[in-house]
Amino acid sequence: MTISARGPAASAEVNDLRAVGWPGTGPQDWDAVLRQSLGWVTAHVDEQLVGFVNVAWDGRSHAFLLDTVVHPAVRHQGVGKRLVERAAAMARAAGAEWLHVDFDPELRPFYEACGFRPTEAGLLALRPD
């Protein structure tokens, strides 16, 4: 397994990974997303993308993990934790002081194992469900 900062991440393969990792997720133009990012981290087994996380930021002290996904075939093997560790190192090297992440309740043990602590936050829905 190879974990890489700014590793190969073509739009089609990120969409394929997300479709397997998060069924029901629609495709998007990842080239456009990643042009705006601080960076991203990939995990590959041979040539196959099996893990991905996007790192957005405000250009100063706050970075944000987005779209963390690991292929179900390689979950529970430390891939996600290695993605997050590399993403944190990338954000730190860029000068960020804080790394934020939002997650569903069932992912709390994973993110706590990665060193995140719970905080209060606000969320405003911009589209009606």
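Student: How many helices and strands are there in the protein chain?
Tutor: In this predicted model, the protein chain has four helices and five strands.

Student: And in what order do the elements run from the N terminus on?
Tutor: Starting at the N terminus, the order is β-α-α-β-β-β-α-β-α, with Thr2 lying in strand β1, which covers residues 2–5.

Student: Staying with Thr2, what is it in contact with, leaving aside its neighbours within four places in sequence?
Tutor: With those neighbours left out, Thr2 is in contact with Thr42, Ala43 and His44. Arg18 is 16 residues away from Thr2 along the chain, and the C-alpha atoms of the two are separated by 19 Å.

Student: Why is Thr2 classed as partly exposed?
Tutor: Thr2 has a relative accessible area of 45%, and because partly exposed covers the range between the 20% limit for buried and the 50% limit for exposed, Thr2 belongs in that class.

Student: Switching to pockets, what volume does the largest pocket have?
Tutor: The largest pocket has a volume of about 1900 Å³. It is lined by 48 residues, and those closest to its centre are Leu65, Val101, Asp102, Phe103 and Tyr111.

Student: Which elements give two or more residues to that lining?
Tutor: They are β4 (62–70), α3 (79–93), β5 (98–101) and α4 (108–113), and α3 gives the most, with eight residues.

Student: What does the lining of the largest pocket look like by class?
Tutor: By class, the lining of the largest pocket comprises 26 nonpolar, 12 charged and 10 polar residues.

Student: Is Gly115 buried or exposed?
Tutor: Gly115 has a relative accessible area of 61%, so it counts as exposed, the cut-off for that class being over 50%.

Student: Last topic, the whole chain: how does its radius of gyration fit with a compact globule, and what box do the C-alpha atoms fill?
Tutor: For 129 residues a compact globule would have a radius of gyration near 14 Å, and the protein chain agrees with that because its own value is 14 Å. The C-alpha atoms fill a box of roughly 40 × 40 × 30 Å along the principal axes.

Methods
Residues are numbered from 1 along each chain as its sequence is written. This is a predicted model: local features need pLDDT of at least 70, side-chain atom pairs count only at pLDDT 80 or more; totals for chains, interfaces and linings use all residues. Side-chain values use heavy atoms; hydrogens and water are left out. On a 1 Å grid over the protein atoms alone, a cavity is a set of points where a 1.4 Å probe fits but cannot get out, and a pocket is an open set with protein on both sides within 12 Å along at least five of seven lines; lining residues have an atom within 4 Å of a point. Grid points are joined across faces, edges and corners, and a volume is the space filled by probe spheres set on the points. Ala, Val, Leu, Ile, Met, Phe, Trp, Tyr, Cys and Pro count as nonpolar, Asp, Glu, Lys and Arg as charged, and the others, Gly among them, as polar. The radius of gyration is taken over C-alpha atoms; the globule rule is 2.2 Å times the number of residues to the power 0.38. Buried means under 20% relative accessible area, exposed over 50%, partly exposed in between (1.4 Å probe, protein chains only). Contact means heavy atoms within 4.5 Å.
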